[in-house]
Amino acid sequence: MSARHLGLLAALQVAALPAAAEWAVDPGKSAIRFSGVQVGVPFTGRFERFKAAADFDPAKPEAGHALVLIDLASARTGDVQRDQALPQKDWFDVKTAGEARFEATRFVDKGQGDYAAIGTLTIRGTSRPVTLPFHLTLDGGTAHATGRVGLVRTEFGVGQGAWASGQGVALDVGVEVDIVATAQPASGN
Amino acid sequence: MAILLHWASALCVLVLIGLGLTMTHAALAPLRQFQLYQWHKSVGITVLVLTVLRVLWRLTHRPPPLPAGMPARERRAAAAAHHLLYLLLVGLPLTGWAVVSLSPFNIPTVLYGLVPWPHLPLAGFVPDPAAAEGILKRIHALGAWSLAALLAVHVAAALRHHLRLRDDVLRRMLPGRPLSPTPTVEPTR
């Protein structure tokens, strides 16, 4: 499955070759966090494993592409009970669909370093259009992007049965990205 | 050891009755109610473990004899009450554990926030988990009231032995006494 995604990623990069620049995300310096509210108390967590790559040229953002694959089984919130619940079938159901996938098909320049990544987010097999606004700082060959998007978890089926209401766990959740990437030398293939 | 296990169980049972009544009857903030349920689960499993240890100890060690002059009717009553106590001390945690395991909320149990504890694997055997959960909840509540009532009888009987019959039935269960069931013979003067 991940091999297929990587193949797709390569295909996307090839398709976007003429103007785009390739970026390799540094997982050690990057983080994807999430936040929610359980029984009235906010909590935060992070996905410890994810893969991401982008084709992005600030001069031609509309031609860009990005693909982010998140291992949902790597969600950690610092609470053993919550971390045990999250992979189960009411929540991320990692046995059936272990990966969340965000594919941005274009970027929009909002000015002053602000951009929006426009694409599709897939969780638990449900795909929905999602726009991720982010701020980008470029420093030589290094790019740093920070952004946040609010999601309604039940639109993706996260929280089944008794959890489909917001009574115990709020329906609104946040996802924050803090991505550091380095420019890749143009490859021949 | 039997004395230590007895008083540890006693303390846990009192805490459980207090938690159980508060979490089901008091008007609490959702977070507080959630926390009390988690404590109730942890202490309940503790009682289950303690009771299993007590039964194993009891099966391998002869308890001190009842007072010599005790009428046969009272001996039978005492034996019946003690058997019923053990039955409830095993049955209540098991029914509670089953309720947690069948709950549509499917909340993992993490003992004292540290030790993950599995659900009972009941899902495959129970055709209607919601109905089964309802019935088990009723049995659990009924059992809890029975235990509280039996506990009152147990305490009253112990006090009767101590205050009216003036034997050592209560005293020998108090900590800090030699474990030997027979009192040491005092030297003749």
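1. Start with the hairpin of β9(A) and β10(A). Two residues lie between these strands. Gly140(A) sits in the turn, with a positive phi of about 60 degrees. Strand β10 of chain A covers residues 142-152. β9(A) and β10(A) run antiparallel and pair over six bridges. Across this pair, Leu138(A) stands opposite Ala143(A) in β10(A). Keep in mind throughout that this is a predicted model.

2. Now step back one strand. β8(A) also pairs with β9(A), and strand β9 spans residues 126-139 of chain A. The sense is antiparallel, with ten bridges. Asp114(A) has His135(A) as its partner in β9(A). The two strands form a hairpin with two residues between them. In its turn, Arg124(A) has a positive phi of about 55 degrees.

3. One more step back brings in β7(A). This strand takes in residues 99-111 of chain A, and β8 takes in residues 114-123. They pair in the antiparallel sense over nine bridges. Arg106(A) has Ile118(A) as its bridge partner in β8(A). The hairpin of β7(A) and β8(A) has two residues between the strands. There, Gln112(A) takes a positive phi near 55 degrees. What does chain A look like as a whole? Chain A has two helices and eleven strands. Along the sequence, the pattern is α-β-β-β-β-β-β-α-β-β-β-β-β. The chain holds 189 residues, and 28% of them are buried. Take the contacts in chain A between residues at least 6 apart in sequence. Of these, 58% join residues at least 24 apart.

4. Glu48(A) is worth a look. This residue lies in the loop between β3 (41-47) and β4 (50-55) of chain A. Is Glu48(A) buried, exposed or partly exposed? Glu48(A) is partly exposed, because 14 other C-beta atoms lie within 10 Å. Glu48(A) and Ala75(A) are 27 residues apart in sequence. In space, their C-alpha atoms are 6.4 Å apart. Set aside the neighbours of Glu48(A) within four places in sequence. Glu48(A) is then in contact with Ser74(A) and Arg76(A).

5. Next, the place where the chains meet. How many residues of chain A are in contact with chain B? Eleven residues of chain A are in contact with 13 residues of chain B. On the chain A side, helix α2 (residues 80-85) gives the most, with four residues. By class, the chain A side has five nonpolar residues, five polar and one charged.

6. Chain B is built from four helices and two strands. Read along the sequence, the pattern is α-α-α-β-β-α. The C-alpha atoms of chain B fill a box of roughly 70 × 35 × 35 Å, taken along the principal axes. Of the 189 residues in chain B, 19% are buried. Look again at contacts between residues at least 6 apart in sequence. In chain B, 72% of them join residues at least 24 apart.

7. Two helices of chain B pack together. They are α2 (residues 30-60) and α3 (residues 72-102). Their axes are 9 Å apart, and the packing angle is about 140 degrees. That angle makes α2(B) oblique to α3(B). An angle counts as roughly antiparallel only when it is over 145 degrees. The crossing of α2(B) past α3(B) is left-handed.

8. Which residues make this helix contact? From α2(B) come Lys41(B), Gly44(B), Ile45(B), Val47(B), Leu48(B), Thr51(B) and Val55(B). They meet Tyr86(B), Leu89(B), Val90(B), Pro93(B), Leu94(B), Gly96(B) and Val100(B) in α3(B). By class, the contact of α2(B) with α3(B) has ten nonpolar, three polar and one charged residues.

Conventions
Residues are numbered from 1 along each chain as its sequence is written. Chains are lettered from A and ligands numbered from 1 in the order in which they are written. This is a predicted model: local features need pLDDT of at least 70, side-chain atom pairs count only at pLDDT 80 or more; totals for chains, interfaces and linings use all residues. Axes are lines fitted to C-alpha atoms, for helices over the stretch in contact, and angles run from 0 to 180 degrees between N-to-C directions. Angles under 35 degrees count as roughly parallel, over 145 as roughly antiparallel, 65 to 115 as roughly perpendicular and the rest as oblique. A crossing is left-handed if the near helix is turned anticlockwise from the far one by less than a right angle, and right-handed if clockwise. Two residues are in contact if their C-beta atoms, placed from the backbone, lie within 7 Å. Ala, Val, Leu, Ile, Met, Phe, Trp, Tyr, Cys and Pro count as nonpolar, Asp, Glu, Lys and Arg as charged, and the others, Gly among them, as polar. A residue is buried if 20 or more other C-beta atoms lie within 10 Å of its own, exposed if 12 or fewer, and partly exposed in between; C-beta atoms are placed from the backbone. Two strands pair if DSSP finds at least two bridges between them.
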